[in-house]
Amino acid sequence: MDEVAPTAALSGDRVVDEGGLTSADTWMRREIAEIPAVVARLLDEGAAEVSAAADAIRVTAPLFAMIAARGTSDHAAVYGRYLLETHLGIPTGLAAPSVTTAYRTNLRWTGGLLVAVSQSGTSPDIVEVTSAARRAGGLTIAITNAPRSPLGRAAQVTIDCRAGVERSVAATKSYVAQLVVFLALVAVASPSERLRRSLVRMPGDLEAVLRRSADWIVDPAGPVGTIAATDRCLVVSRGYNLATALEIALKLKETAAIFAEPYSAADFLHGPVRLADPAVPLLALRPPGPIGRSLDAAVEVAARRGSPVWCVRLAGVASPRCLVLGVRQPDLASPLLLVVPGQLLAESVARARGLDPDAPPGLVKATRTR
């Protein structure tokens, strides 16, 4: 669930019959299919906004940064934290909005950067944290799908995600748009020509990922059947893709009612590996490079304990239990790609369990916390 502003009810062209929803009938699947076009539009039309934010960071040279977000946006914030630290050298943490909103603490923001991430731009606590940081002398940047929202007005610099309307409760294209904003921001602020080239290739690579994921998702002997047949699973990655593990686990929870537990591979070995057994499938999101090799060790331990292991990776040797996406991108860009098969997986698992992924009971599109 994200924070895009509520929209009208689903249009009447969706067909729901006794056989349930087909993939083509769900807004969630349609919106996942829009991701390459969203990314291309954002990189084209949003370049000036990204440059303005990068210039502001260079001019102010913040000594520290905090990222304020909730829900799905909070997982994009985890990715942003890694990027700001690894590429801009800015110590970065995730804000606790209740420090400002509930405990009424006045923080010292002089010399600091506050990045606020909210699709709707209306979550009261995120808006209040942003306003407080700006009043206290911090640089404030908003990443939102609604630039004229209260958050867009509260921040000094606003970047529009340009994801368009999302009708499914589960955020998909809007989440990837947030990741793109963070990656584009550090590419310009660093600056890094390598990252710029990576972004140029991204829409085409995302198209390829969608094509290669299709057969994996519909295979009756694949991960959908295994995960749909249980009520719990593990989702494991590390580094930049800790955000991906968190986000895919959330999608499985909110769309398919699966108790999906996400872990960093490093933390997984410090106790939670005890959860691995034949009744608990494990989804591994394997990035390239040394982080991927460290993930292999954790997955091997889970496999020895009997967990059915499924893997998604960018490149390498394919196997019956491993989807190889066939694209070459660096580790720091891989979350934009690895999350897409996970989104498709959650949508398919929900349908396999007889659930509508577009409208999970008890959830709404925009959740406002204080």
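This is a predicted model: local features need pLDDT of at least 70, side-chain atom pairs count only at pLDDT 80 or more; totals for chains, interfaces and linings use all residues.
Trainee: How many salt bridges does the structure hold?

Mentor: The structure holds 13.

Trainee: Why is the contact between Arg-162 and Glu-49 called a salt bridge?

Mentor: The N to O distance is 2.9 Å. The cut-off is 4 Å between a side-chain nitrogen of Lys or Arg and a carboxyl oxygen of Asp or Glu, so the pair qualifies.

Trainee: Where do Arg-162 and Glu-49 lie?

Mentor: Arg-162 is in the loop between strand E5 (157-160) and helix H8 (173-189). Glu-49 is in helix H3 (residues 47-60). They are 113 residues apart, so the pair links distant parts of the chain.

Trainee: What makes Arg-162 buried?

Mentor: Its relative accessible area is 15%. Buried means under 20%, so Arg-162 counts as buried. Glu-49 has 23%, so it is partly exposed.

Trainee: Why is the contact between Arg-58 and Asp-55 called a salt bridge?

Mentor: Here N to O is 2.3 Å. That is within 4 Å, so the term applies. Both residues sit in helix H3, three residues apart, separated by about one helical turn.

Trainee: Is Arg-304 buried or exposed?

Mentor: Arg-304 is exposed, at 60% relative accessible area. Exposed means over 50%, so the label holds. Its salt-bridge partner is Glu-300, at 3.2 Å, N to O. Glu-300 has 48%, so it is partly exposed.

Trainee: Which residues do salt bridges with shared partners join into one network?

Mentor: Arg-29, Glu-347 and Arg-351.

Definitions and conventions:
Residues are numbered from 1 along each chain as its sequence is written. Side-chain values use heavy atoms; hydrogens and water are left out. Helices (H or I, at least four residues) and strands (E, at least two) are DSSP runs, numbered from the N terminus. Buried means under 20% relative accessible area, exposed over 50%, partly exposed in between (1.4 Å probe, protein chains only).
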